[in-house]
Structures are given as structure tokens and as C-alpha cells.
Amino acid sequence: DTEGLQRIKEENQKHYRRAQRHLEKKEKIQRHNRKLGDLVEKKTYDLKTQYEHLANLRRTHILELTSVIFPIEEVKTSMRDPADMSSESDNAMTSSTVSKLAEARRTTYLSGRWVCDDHNGDTSISITGPWIILPNNGDYSAYYSWVEEKKTTQGPDMEHNNPAHTISAALCYATQLVNTLSLILDVNLPKKLCNRQHFAFCVFVCVWCFNSEFCGENLSRHRFTRAVKKLNANILHLCFSQHVNLDLLHPLHTLRNLMYLVSPDTENLGR
């Protein structure tokens, strides 16, 4: 029994010494983990700082782009509310008639259905200048009418102030801006509007390739509507990526959505 007790004591001492070594190793691992934790925290802070710096650079480039090359702004129209004009001409008009006229003014017949648009007739959105505008409510029927008229009318088009021309130009400029913004923000666009690209000149090649879709020829209603839907989808995707307030967006308001995206008031622009 005494010899057995002695052997047990020796084994216990061995286990104790081994436990001490494990304890030292554990403390060493904990110190290493703390160092790694501090290093990760520092790297995370540096990465966050770099992200903020990159966002500020992107924001600066975008604001320069939209202030010098592609300015987007609201253009006030001189149209007066028909309800107000009628009220002035006939003081005996009832309030129900006034309200109906105001409601009719805010309603647009678009693609076979009536669409309510509070901005209709009040403002338009321009890009690159006040003379290149898009209808605020997304009604591009002027382009369809112009294409149909060109099919039946022979000879060159001498009407320089045709609204279809401004619609095509505005959509081309909007497309150029969207493609450039996707490169600056490093956001892949969900809808492909161009099939060929070149690494060194990807901006210009993409712009030319898609511009031909809007400006190179008179598009049918189906092709034109399809291209506009792709453009609107890309704009909304960029707005979502920059956390633009969803209450401000509308799927048909092409330039207005772009204006909200590149506005200096957009807090997350460049993220």
C-alpha cells in the first residue's frame, strides 16, 4: 500500500507539472489573442477610415461631374393651375368644380391607364441645360407620336424644337451619367444596355454603344419602352445602393430619381 501510495503521489506531481505547463501555454495564447484582437480592431478602424476617405472622394467626383458636365435641376414651367384661372374668370364657380379641375390637372393618361402625378405641369427635370428636359411624370408619348409621324412623312425633319428630340437627348445624357456613376461608385448595374466594352475606354465605349439605342435610329414603341425600363431599373439600383430615401423615389421618374441620387443632401452618397 505504501508503494502504491508513493506511485500515486509521483503521478499526481507529474500531472501538476503538466497542468502548470498547460496553464502557462493558455496564458500565452490569451496574450496572443489579445494582441490579435487589438490588431484587428486597429485594422478595422483603419479600414473604416479608408472607406470614409474613399466615399468622400467618390462624393467629390460625383458632385463635380453633376455640377460641371451633367447638371440636373428642376425647371419651373409657366403653366398656371387651371382651377385658379377658372376661378378668376368665374367667381361663382363652386369649390367642387375647382377641386375636380385640380385633380384632373394632376392626372395623366399614360400607357393605357390614368396615372396620378402631383408634379404634373408644375416642373420638369433638365440635364446638361434647361433646354434638355424630360416630362416629370415619365410620359414619353411625344416620342412615340413623333416616330409614328416619321413613318408616314417623307423628307428630312426640320423641326428642331420637337419634344421627341429633347427626350432622346435627355435619355442619352442620363445613360452616360448612370454608366459613369456605376464606375465611380463601383456598383454593377443589373440591366445590361451594352454588349461590348473595352478596359481602357470602357466609359466612352459603353456610352456610344448605348447612345445608338436612343439616338442612332427611331426606335419602335416596344424597343424604346424596354430601353427606358432598363435605364430606370439601373437608376433605382444605384439609388438603393446609396440608401436614398425610398419615399422620394418613383419608378417612372427617370431624371428626378437621378437628381435625388446625386444631391448633396444624400448622406450616404459614395458608400
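**View 1. Lysine 42 and aspartate 46 share helix H1**. The two residues sit four residues apart in this helix, about one turn (helices are DSSP runs of H or I with at least four residues, and strands are E runs with at least two, numbered from the N terminus). This is a predicted model, where local features need pLDDT of at least 70, side-chain atom pairs count only at pLDDT 80 or more, and totals for chains, interfaces and linings use all residues. Residues are numbered from 1 along each chain as its sequence is written, and side-chain values use heavy atoms, leaving out hydrogens and water. Aspartate 46 and lysine 42 form a salt bridge, with their closest N and O atoms 3.1 Å apart (a side-chain nitrogen of Lys or Arg within 4 Å of a carboxyl oxygen of Asp or Glu). Aspartate 46 is partly exposed, at 30% relative accessible area (buried is under 20%, exposed over 50%, partly exposed in between, using a 1.4 Å probe and protein chains only).

**View 2. Arginine 256 meets glutamate 74 in a salt bridge**. Here the N to O distance is 2.8 Å. Arginine 256 belongs to helix H8 (residues 254–261) and glutamate 74 to strand S1, so the pair ties together parts 182 residues apart in sequence. Arginine 256 is buried, with a relative accessible area of 5%, while glutamate 74 is partly exposed at 36%.

**View 3. Three strands form an open sheet**. Their order is S1-S4-S5, with antiparallel pairing (strands pair if DSSP finds at least two bridges between them). Strands S1 (72–76) and S5 (133–134) stand at the edges with a single partner each, so one side of each has no neighbour in the sheet. Look for serine 126 opposite isoleucine 133 in S5.
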